Every structure is written in C-alpha cells, then in structure tokens.
2 protein chains.
Amino acid sequence: MTDDRLSTIFAALADPTRRAILARLAEGDATVNQLAEPFSISLPAISRHLKVLEHAGLITRSRTAQWRSSSLQAEPLREATAWMDRYRQFWDESFSRLDVHLRRIQSEEEKP
Amino acid sequence: MTDDRLSTIFAALADPTRRAILARLAEGDATVNQLAEPFSISLPAISRHLKVLEHAGLITRSRTAQWRSSSLQAEPLREATAWMDRYRQFWDESFSRLDVHLRRIQSEEEKP
DNA sequence: ACGTTAATTAACGAGAATGTTAAACAAAGG
DNA sequence: CCTTTGTTTAACATTCTCGTTAATTAACGT
C-alpha cells in the first residue's frame with residue numbers, strides 16, 4: 001500500500017523510544033548524546049530513530065560544531081489529530097444526537 | 001522495546017488499508033466480505049487487518065450465523081489523542097503564553 | 001448427508017524495521 | 001597534524017509485517 005504522510009507519522013509514533021524522544025524534546029532541544037542517555041540502546045540506534053522522526057516531520061535538526069541538535073515540530077501531530085477527529089463522535093460522550101447528525105450531514109457534503 | 005498499548009494503537013493506524021476500514025466502519029457495521037470489497041487484496045489479508053484492529057481495541061466483533069460483523073470502537077483514538085494533546089502547545093497558534101505557562105506548571109506538578 | 005457461503009488458519013516468501021559492532025566522517029582543540 | 005568528541009554509515013542478524021494460495025472450520029439451506 002501507498003505510504004502516505006499519515007502512515008509515516010503514525011508509524012513514527014508507534015515506537016516507544018521515539019515517543020520518549022519526543023517527550024524529551026518537549027522540554028527543549030537536545031543533542032543525540034543527550035537524547036540517547038536515558039536509553040540502554042546504542043547511539044546508532046538512536047541516530048536511526050531520529051532519522052525516522054525527521055522523515056515524519058516530527059523534528060528538525062541543526063548542526064552547531066560537532067553537535068546535532070534536534071527540535072520538536074508537532075505539526076504532524078496536528079494532522080494526525082485532525083484525522084482522528086473524524087471519529088470523535090464515537091467516543092465523546094458529550095456529543096449530542098444533533099451534533100452527530102450535523103457531522104454526518106457535513107461529511108456527506110464533503111464527499112464529491 | 002516493550003509493545004505498550006499506545007504503540008499497538010499507533011501501529012494499527014499506520015496502515016492505510018486499516019484506516020480505510022475504520023472509515024468504512026464509521027458508516028456502520030460491516031462483514032468481512034463487505035469490508036474487503038473496495039480493496040484489491042485477498043480475504044485472508046483483510047482478516048489479518050481486522051485482527052490487528054481488534055487487538056488494538058479499535059473494533060469489536062460479533063458473530064451472526066456465518067457472518068462476522070465488525071463494529072468501530074474509537075476509544076483507543078481518544079487515548080492516542082490524549083497522548084498527543086501534551087504537544088498541542090507546540091502547534092496550536094491560539095495558545096497564549098499564559099496557557100503554555102500553566103500547562104508547564106501543571107506537568108511539573110504531575111511529576112511525583 | 002451434501003454443497004454453498006463466509007471467514008479463518010496454515011504455510012510460505014519478500015521486504016521493512018530494529019538492533020548490534022566496527023569503521024568512517026566532521027569539527028575542535030591541543 | 002593528531003587526538004578527542006559527537007555522530008553517522010556500513011554490514012549484518014533477527015524479528016515483524018503484509019501479502020499470497022491452499023486447506024480448514026463453521027453455519028446455513030436443500
């Protein structure tokens with residue numbers, strides 16, 4: 001199957017190490033060594049994870065001297081959330097019947 | 001790495017066929033054959049996708065005679081969204097500095 | 001009982017993901 | 001220059017993932 005953008009994003013998020021890296025980056029930019037520190041896996045492994053995150057657009061990277069700093073870019077998370085929002089009516093208790101109806105109508109209109 | 005619940009959910013969502021199946025189920029319950037119809041892949045392949053979705057809690061299944069009906073359960077999407085919400089401040093333009101500050105404070109307090 | 005319909009399991013293969021260690025590259029700094 | 005520090009690339013092993021076809025299970029209808 002075609003590996004669209006959403007697939008790349010979700011696949012990137014499917015790994016606990018990568019999610020932990022994103023959590024760390026939420027506190028501020030960090031170098032590869034800093035990101036690797038909490039984990040018991042090798043540096044090359046972290047390096048690959050960062051490449052996956054970068055490819056998904058979840059981080060950007062900059063170089064200063066021999067250090068490569070990673071920076072969180074949460075925009076893809078917004079896209080993922082936007083996709084999930086289509087299903088909000090299926091879990092959100094506060095959704096009234098009218099809300100659901102209006103959503104259904106709207107999604108019908110969006111189809112053509 | 002440990003395959004926690006969130007990983008299972010994101011991994012399930014990483015496949016376009018599975019997301020299309022969820023989209024179909026949002027319109028109503030369906031049998032395996034009905035779900036397979038739009039795709040050019042074999043029935044066993046669909047069957048496996050359904051097992052992945054079921055394992056992630058994204059669908060439940062019931063049997064009536066020889067038909068197996070799948071039903072959307074979006075609760076895992078709520079969990080996934082909840083996780084992503086921690087990063088909302090990194091993409092949501094409408095987030096004020098105060099909001100961000102309060103979120104930061106709160107997440108600090110949550111830290112035992 | 002027997003055949004039909006619906007779906008799953010079994011057995012297999014190609015390719016992707018994740019990890020390792022060893023070697024290479026890049027920049028800083030004596 | 002040559003070494004140290006930070007990071008990536010290469011080469012490889014192992015384990016998933018996703019697909020296939022063939023066989024099997026389950027329930028219905030005659």
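Modeller: First, a definition: two strands count as paired if DSSP finds at least two bridges between them. This is a predicted model. On that basis, chain B holds an open sheet of three strands, in the order 1-3-2, with antiparallel pairing. Strand 1 (30-31) and strand 2 (59-64) of chain B are the edge strands. Each has a single partner strand, so one side of each is left without a neighbour in the sheet.

Now the pairing of strand 2 with strand 3 (residues 67-72) of chain B. Six bridges join these antiparallel strands. In one of them, Thr64(B) has Trp67(B) of strand 3 as its bridge partner.

Helices pack here too. Helix 4 (residues 43-55) of chain B packs on the sheet and touches strand 2 and strand 3 of chain B. Its direction makes about 120° with that of strand 2 of chain B. Helix 2 (residues 16-25) of chain B lies across strand 1, strand 2 and strand 3 of chain B. Helix 2 runs at about 90° to strand 3 of chain B.

Last, the core. The largest nonpolar core has 57 residues, and Phe10(A) and Phe10(B) touch the most other members. This core draws at least three residues from each of domain 1 (5-73) and domain 2 (77-110) of chain A. Among the contacts of Phe10(A) are Trp83(A), Phe10(B), Leu13(B) and Met84(B).

Note on methods. Residues are numbered from 1 along each chain as its sequence is written. Chains are lettered from A and ligands numbered from 1 in the order in which they are written. This is a predicted model: local features need pLDDT of at least 70, side-chain atom pairs count only at pLDDT 80 or more; totals for chains, interfaces and linings use all residues. Side-chain values use heavy atoms; hydrogens and water are left out. A nonpolar core is a set of buried Ala, Val, Leu, Ile, Met, Phe, Trp, Tyr and Cys residues joined through side-chain atoms within 4.5 Å. Buried means under 20% relative accessible area, exposed over 50%, partly exposed in between (1.4 Å probe, protein chains only). Domain bounds come from an automatic or database domain assignment. Contact means heavy atoms within 4.5 Å. Helices (H or I, at least four residues) and strands (E, at least two) are DSSP runs, numbered from the N terminus. Axes are lines fitted to C-alpha atoms, for helices over the stretch in contact, and angles run from 0 to 180 degrees between N-to-C directions. Lists of a residue's contacts leave out its neighbours within four places in sequence.
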